[in-house]
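Please look over the chain shown here before reading the briefing that follows. The notes are grouped by topic and are meant to be read alongside the coordinates.

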Amino acid sequence: MLLQRLRLCSGGSLDFQRHVCRLLTRPLTQVPQGRAHAGSFAHRGELRQAKRIVVKLGSAVVTRGDECGLALGRLASIVEQVAMLQNQGREMMIVTSGAVAFGKQRLRHEILLSQSVRQALHSGHNQLKDMSLPVLEARACAAAGQSGLMALYEAMFTQYSTCTAQVLVTNLDFHDDDKRQNLNSTLQELLRMNIVPIINTNDAVVPPPEPNSDLQGVISIKDNDSLAARLAVEMKADLLIALSDVEGLYDSPPGTDDAKLIDIFYPGDLQSITYGTKSRVGIGGMEAKVKAALWALQGGTSVVIANGTHPKVTGHVITDIVEGKKVGTFFSEIKPAGPTVEQQTEMARNCGRTLASLHPDQRSEIICHLAELLIERKDEILAANKMDMDLAASAGHLPPAMLKRLSLSPVKLNSLAIGLRQIAVAAQDSVGRVLRRTRVAHNLELEQITVPIGVLLVIFEARPDCLPQVSALAIASGNALLLKGGKEAANTNRVLHQLTQEALSMHGVREAVQLVSTREEVADLCRLDKLIDLIIPRGSSQLVREIQRAAKGIPVLGHSEGICHVYVDADASVDKVLKIVRDSKCDYPAACNAMETLLIHRDILRTPLFDQIIDMLRTERVKIHAGPRFASYLTFSPSEAKSLRTEYGDLECCMEVVDSMQEAVDHIHKYGSSHTEVIVTENEDTAEQFLQMLDSACVFWNASSRFADGYRFGLGAEVGISTARIHARGPVGLEGLLTTKWVLRGDGHTAADFSEHGTMKYLHENLPVGQPLAGQRDSN
């Protein structure tokens, strides 16, 4: 029986027979486990569990801009994504438009061809008159285009070894119980055989939709939106993806000034939506899409409405949705208690502007009060931290270095409070500081002053002490702050954030610092380029690299790797070498400013100093990896380094031999990450050349690499260490969170005043920045 069905469906094609062979022999491990269809998903992240998915392609997605013919490029990318998900073991169904457009193209071509033949026969020559096309009836276009549309889908899916089947339906197929059961049985059988059903309304015979024709509790099939919703519920689909020519659902018509894309839509918010016009093609509109989506949601199917026409996202829009990324509008029956991350960012930005306008004394008072709260409420903080530590210990997945960062103590809290008070002092002379003052002309004076960057997003791992440090720096610099902490420190972060907002409340700017505690993915936060001005990652090199890749149009301040070098020169002091190398590697091996490569001058080999370095590292249990040149000097060498660009982050380091300081510099330029480099030498000329020639963020002479730290630099605290070439470099404290703006004070001046025929001349006279501006203005 099965073989008969296969022959009927395939028409005996060789591709289909191969498909069946693959289906029957496919390992079961390729198929993801299904889930009990108990209801829709509550959060985007759960969409990864979707097994049965309906993809609805609107007319605007499938057709070209001239509405005659198909958008083949878009269609090909959509087919590729559907095929990939199908081959992962999911059950994919497509509800497609496009038959009318494809048929219109074919019929127009046939009409033009026949008209040109008739005119040629009647005129006797090849010169053709202007030919007008008749209005083409939609049902005829659908009849002419359906077979071609299906042939196109079949050809495209064949490229991915995926079989398809065409299913045409009408309203009666759902309202008649026998027909509905037959349709359900057919689709179930196709899905069981790993075939992608491609479904469309039979527009060649379907009557025009009747307004308000929905039955009690049942949506009527008026367009492909309602068809997709009805089909998704009937087939108990986990997810319905409706692709259109808009990004999703907006709170007001798209294109208006105040229109905002809705990330998550709840049925209770329906009254707050104002709909715009329909798309350029199709018989539905956003109102029809929302109605269909809500009906499907009520039936237990999750829904996402997204843009399927944007050239930059079409190639991955479907897979992004299934991966839980923030694309389009997600329909959910569960509304979280707190604000969305977009709302949090808006609140932070608005409150941050008030924070920036406060007097410096007021910002200092907020920071000092936060420092006091860290001491006064230390029992509350430590109790929350103990909960996090206990949870981490029971989970057993955090390495010792991360557990150490997670842990807080009275000593750490005291150190934090001291650092915050240093920041409070620095806050007195930060925002609004005049860097440059110029008298451009008489009564025309220009200032360059420091201002906040705007909204900062700081993403940090299991290091709760980062929260008050970064908050204090943001307050001192007048920046709004969005914090995304690691889940390992959730309890501690919550308490510290409450204390931060309590301190901010003393001057009415409580919402300037926000803690993102929703299930927001970091990659989604990095896409908020219209809301966030700077991203600062605090954590492992892997975290920094992931954020740098995910950030879309937002600058990222940080470093992806901390490959720090210590170069021991031929003229180095024995005592200084041992102290500096030990501290650089062993004080905190997981830190980004720890030494990862030790460069030794060739003349030191086979000397007592070299033996002492090796003995010290062995005593400290540091595993040595030999560089290729160092290994060539040894009969029995340590394990050879796999790469000279490795950040070990542990009691391991690479050791390599160089012939000179210049060779050490060349090595660092080639293999370093521009973080921190050290030279140990008593030769001042050699040291100065080293300091001058290297372009890393930090370059030290006879000092440990561990000094590359904001607290040790006297910055009070740091938001991170930057290896970027622009803006801030090295440990970034308060100064790195400021930018500048130009302020021009005139007296009715115009550019024409300074033209060839004008009456004024430029002075460009530099004025003391400390001198009050009012005293510099000319009285005349």
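Predicted model: local features only at pLDDT ≥ 70, side-chain atom pairs only at ≥ 80, totals over all residues.

Strand 9 (residues 434-441) and strand 10 run antiparallel and are joined by 6 bridges.

*Pairing around strand 10*

- Strand 10 is mostly covered, since 8 of its 9 residues are buried.

*The open sheet and the helices across it*

- An open sheet is formed by 8 strands in the order 3-4-2-1-5-7-8-6, with mixed pairing.
- Its edges are strand 3 (164-169) and strand 6 (264-265), each of which pairs on one side only.
- Strand 6 runs parallel to strand 8 (residues 329-331) and is joined to it by 2 bridges, and isoleucine 264 has phenylalanine 330 of strand 8 as its bridge partner.
- Helix 4 (residues 72-87) lies across strand 1 (52-57), strand 2 (91-96), strand 4 (196-201) and strand 5 (239-244), and it runs at about 155 degrees to strand 2.
- Helix 6 (residues 138-158) lies across strand 1, strand 2, strand 3 and strand 4, and its direction is at about 150 degrees to strand 3.

*Nonpolar cores*

- The largest nonpolar core has 50 residues, of which Ile366, Ile367, Ile381, Leu481 and Leu483 touch the most other members.
- Helix 17 (residues 466-477) gives the most to this core, contributing 8 residues.
- Leaving aside residues up to four places away in sequence, isoleucine 367 touches Leu420, Ile423, Ala424, Ala427, Ala472, Ile475 and Ala476.

*Cavities*

- The model holds 2 cavities of 30 Å³ or more, and the largest cavity has a volume of about 60 Å³.
- At least two lining residues come from each of helix 9 (224-234), strand 5, helix 10 (286-298) and strand 7 (302-307), and helix 10 gives the most, with 3 residues.

*Two positive phi angles*

- Most residues other than glycine have a negative phi.
- Asparagine 443, although not a glycine, has a positive phi near 60 degrees, and its place is in the loop between strand 9 and strand 10.
- Is asparagine 443 buried or exposed? Asparagine 443 counts as buried because its relative accessible area is 9%, which is under the 20% cut-off.
- Arginine 621 likewise has a positive phi of about 60 degrees without being a glycine, and it lies in the loop between helix 22 (608-619) and strand 17 (623-626).
- Arginine 621 counts as exposed because its relative accessibility is 72%, which is over the 50% cut-off.

Key
Residues numbered from 1 in each chain as written. Heavy atoms only, no water. Core = buried A, V, L, I, M, F, W, Y, C linked by side-chain atoms within 4.5 Å. Buried < 20%, exposed > 50% of the residue type's maximum accessible area, 1.4 Å probe, protein only. Helix = DSSP H or I, 4+ residues; strand = E, 2+ residues; numbered from the N terminus. Contact = heavy atoms within 4.5 Å. Pairing = 2+ DSSP bridges. Axes fitted to C-alpha atoms, helices over the stretch in contact; angles between N-to-C directions. 1 Å grid on protein atoms, 1.4 Å probe; cavity = no way out; pocket = protein on both sides within 12 Å on 5 of 7 lines; lining within 4 Å. Points joined across faces, edges and corners; volume = space filled by probe spheres on them.
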